[in-house]
Amino acid sequence: MSSMSRSRGSLSPAPSERSTLPMGASAEPGSPEFKPLEPTREELLAHFFERFKFYTSLCLGTSAILAVFAFLFLIPFVVEPAIQTILAEFVPEAGICAVSEHVHAETLTNCTWASCREGCTTAHTKCHKIRVNLARKPFVENAPVPTEWDETDLKFLINPEGCGYPPKVNCSVFASEYAGAKAPKIFPCYYSLTRPDLVVARYSWDTTVRGLVLALVLPTAVFVFSLSVLAYWHCRCCERACNRRVHAESFASKEDSKLLCELDDDPSDDVF
């Protein structure tokens, strides 16, 4: 009997196909009696949700792909330099430095290392090579030049990576500021505890950690959020499991929850 009722129900016309004319009457689409049925509020909401779901899924999928490429792009430019800077263990308080040698070199063979490079992925044929003397004591403005130095002729870099991109890094300005004619005799610098030969002009622990956290958290959060929403909307198993858990929490006993799961697995309850 139930199969017969289903077959009869399947033969009934859809709401949008049912006529408003009396039984036995008919009307052509161009006649005044022809009045097409307007969609109901539920049908409009369902259509709007489907459109919203489609475009939102498209945006989320694009965001997930861009997040992966952004993370891969940030690894060599932000993540790896930040980790190396943290491992170098620079002192938080600047020491005292004075320039001992400045060479403006040319050709690739003479620029095996440089105090400053505009661009971290290309080789340079012109470079500034600055060496400094280091006194491991706090820097004080207008202090006299130390008579004794703890280290001499150390490589002096603009930052822990020794490179950067304009306008943040300008090697000509950097060389003029520290080794030019108007450069101060002594200036603050930061030295590494794990690499004694490394001294830098710019260092900030907060900036390094902030950049590392943002480079790791933002792309990962965007990717996980986008993938979670897409899986919930388009993965039938994920949506069914989530809905089953929500409904099961409303039952007091395990027997009622088990009965709900059995009803969900019953194929006879599916709507055709």
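Guide: Let us take strand S2 and begin with its pairing: strand S1 (residues 95–106) and S2 run antiparallel and are joined by ten bridges. Strands here are DSSP runs of E with at least two residues, and helices are runs of H or I with at least four residues, numbered from the N terminus; two strands pair if DSSP finds at least two bridges between them. This is a predicted model, in which local features need pLDDT of at least 70 and side-chain atom pairs count only at pLDDT 80 or more, while totals for chains, interfaces and linings use all residues. Residues are numbered from 1 along each chain as its sequence is written, and side-chain values use heavy atoms, with hydrogens and water left out.

Strand S2 (residues 126–135) is largely enclosed by the rest of the structure, because eight of its ten residues are buried. Buried means under 20% relative accessible area, exposed means over 50%, and partly exposed lies in between (1.4 Å probe, protein chains only).

A salt bridge, meaning a side-chain nitrogen of Lys or Arg within 4 Å of a carboxyl oxygen of Asp or Glu, is counted two times in the model. One of them joins the side chains of Glu101 and Arg131 (4.0 Å, N to O). This pair links distant parts of the chain, since Glu101 belongs to strand S1 and Arg131 to strand S2, 30 residues apart. Both residues are partly exposed: Glu101 has a relative accessible area of 37%, and Arg131 has 23%.

A salt bridge also brings together the side chains of Glu151 and Arg136 (3.5 Å, N to O). Glu151 lies in strand S3 and Arg136 in the loop between S2 and S3, so the pair ties together parts 15 residues apart in sequence. Glu151 is partly exposed at 27% relative accessible area, and Arg136 is partly exposed at 34%.

Arg136 has a further contact: its charged end sits over the ring of Tyr191, 5.2 Å from the ring centre. Such a contact requires NZ of Lys or CZ of Arg within 6 Å of the ring centre and within 35 degrees of the ring normal.
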